[in-house]
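Visitor: I've got a new model to look at. Could you walk me through it?

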Amino acid sequence: MGLFNLKMNNKVETYKWYEVEPSPFQLLAQEDQDRLTNNFTQLLNSVNEAAIYVKNVFDFYEYEDSRYPVIITKFYFGAKENTPGFFNMKDITDPLKDRPTVTYEYPDKIVLSDGSLAKVLVTYNYSDYLPDGFLFEYYGIADEIFVKFKQVDQYKAMKMLSAARLRAESLLGNRVTPETERKVQKLRDLSTIIGGSARLFEVYLYIVIKGKTNGELLEKEKRIKEIANARLLSIEVPKYIQRELYEFKTSVSAFTSFSIEKNFIDSISAGAFYPFISEDLIDENGVFLGISGSNSPVIFNPYSRNNYNIVILGETGSGKSMTTKVFLRRLRKKMNIEINGIDPENEYVKDVVAKELNVTPVLIKPGQKLGLDLMKFVREGFIDATDAAELIADLYYVPQELRPRLRRLFVSSDADTIFQFIDELKENKAEDLLKYLDAVESPPDSYVYDGIPIDISGNIVFGIKELRNQRLKVVVSSLLTLLLQKKILSGRQLLFVDEAWIFSEYPAVLNLLQEVARRGRKYGDIFMYITQRPWDVYNTPEGRTILEQAATAILLRQRAAATEVLQKAYNLSQAEIDYLLSANQGQGIIRAGNYKLTLQILVTQEELEKFSTSPAI
Ligand SMILES: Nc1ncnc2c1ncn2[C@@H]1O[C@H](COP(=O)(O)OP(=O)(O)O)[C@@H](O)[C@H]1O
Ligand SMILES: [Mg+2]
């Protein structure tokens, strides 16, 4: 009798399928790995039968003049029950239905309808020492991996185990070898676990390799076997049942010749099979950013995350603005989105940059009337009166003890303009407040509030560098942000704020930015917050919210002062922090949703020429 005496079970298995979003695994801290493997165990416990299908697509990624080989790995989970409620799962139709079919069978390989040759390897005899996430080791070579877990009825499991244990223990009486001792120990352990909350599963692991030639197939087979052997897994290519294996047929009777501890696995050990691992970031319809530490392209789509807030942090000269420009340019080519920006250093409003990004540059000059009347914004409902009072208090450094009064007066005011409000303060003889707020009435501030609002239609970037005074830049940027809120509601907007560290001392402004970002999420708006000195931002609760809530963070070269932020907000290890302290331009770490990988932003020659900031400026 052959090992794989497969009794065919031709009943079509009907699973409900989900696509699962993978995450890095080997990079994670032990407790994060444990969380994933534990969830996986619970997922298996929650269904009677689980099928996992991992599929590699070998492809090329082309960006302008360059061509990079890519592997895209897709993950699917199938069960007969409804939504499992673990991991990030998306309903899909049967991913197996479009696989090429078998057109010819050799004893040890098959020919497929797409003309390729394929071979299925089956592993068994799972060692006790399978490292967590071990399946990942095959992802670079295998074309497809199929794993099936079938829960064994608890009572039956106990019975099978005790029978097997008795058999093994009887061997102990004769000649004791380390092998039998280990086997007995394992069976004893297994019975205790199964007696508790754990389950016992039949497990099947099939690895499909494909090739155009026999040579290619043999080469892949050799590499797969090497990996399996290094993990003490037995692996072989069962003959005469290649078609059935390719069709992922499993049947209990197929494996009866194995002894129980080799084909069955308890749910705790099953955690090692945690499969949803990817060290690449390749979002569908994404924008090419560069390459990861393993030289695979990083293709990022902000819409693949659960929020569309992006922070870019790095010290001066680390490549933040270059990254932003390249990202905006590529995003515009890829999708329909309107760009709005606040540019404190007049980098994006330069002709060549504005033209390349297809935005209208608006250079704000000192003495120009901007019509950004805060009180009008309150009346129009862009901001509520309490927040506006807090904003004005921050912008004019009103001391804490006067703020409750300012808030009361502001909220109960009938004024239609900020100037009328100042008049009201005068009528009320609020000299203590006026000491701070009468600056509203005189230049340069009065120009900000006076006049009719500037046009914000279309793609628009405001260059505010010429407002030399930093506080004035903050006043104008925050009011412009408020004005831009109007557009936020129309959806598909992007708002970027570069040099955002200038807001760090103004919690009300940070709060405003954070609010705009939060509101925009509902409408598919992208908010980008770009800054040096992240520790300043992190110092206030409002700033911390911005840094911690963004689903995407691109961390470029940092100064040692940023260490705490990197540890606390982004959970980076010391090794990762050291890497960031000495990174080159455009080099860093991207953390996007569950992904965290090293990244080199790649710019084309053309982008470098157009987007570099010449030292003269
Ligand atoms: N990814 C990159 N590849 C090559 N050169 C880069 C890259 N990013 C930045 N540079 C170079 O470094 C300079 C400074 O980058 P910039 O984005 O202005 O820094 P930051 O905004 O962080 O101060 C750029 O003008 C460009 O010449
Ligand atoms: Mg910059």
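Visitor: How many strands does the open sheet have, and in what order?
Guide: Keep in mind that this is a predicted model. The pairing in this open sheet is mixed, and its order is β13-β12-β22-β21-β20-β14-β19-β18-β15-β17-β16. Count along that and you get eleven strands.

Visitor: Which strands stand at the edges?
Guide: Look for strands with a single partner, because one side of each is then left without a neighbour in the sheet. That picks out β13 (297-300) and β16 (360-363).

Visitor: And which residue in β13 stands opposite G290?
Guide: Strand β12 (residues 287-292) is joined to β13 by four bridges, and the two run antiparallel. Opposite G290 you'll find V298.

Visitor: At what angle does α7 run to β12?
Guide: α7 lies across several strands, including β12, β14 (309-313) and β15 (338-343). Against β12, the helix runs at about 135 degrees.

Visitor: Which helix gives the most to the shell around ligand 1?
Guide: There are 15 residues around ligand 1, and G319, K320, S321, M322 and G586 come nearest. By class, the shell has four nonpolar, ten polar and one charged residues. The top helix spans residues 320-334 and gives three residues: α7.

Visitor: Is Y155 buried or exposed?
Guide: Y155 sits in helix α2 (residues 154-174). Its C-alpha atom is 9.6 Å from that of I194, 39 residues apart along the chain. Y155 has 8, so the call is exposed.

Notes: Residues numbered from 1 in each chain as written. Chains lettered and ligands numbered in written order. Predicted model: local features only at pLDDT ≥ 70, side-chain atom pairs only at ≥ 80, totals over all residues. Near = placed C-beta within 6 Å. Nonpolar A, V, L, I, M, F, W, Y, C, P; charged D, E, K, R; others polar. Pairing = 2+ DSSP bridges. Contact = placed C-beta atoms within 7 Å. Axes fitted to C-alpha atoms, helices over the stretch in contact; angles between N-to-C directions. Buried ≥ 20, exposed ≤ 12 C-beta atoms within 10 Å, placed from the backbone.
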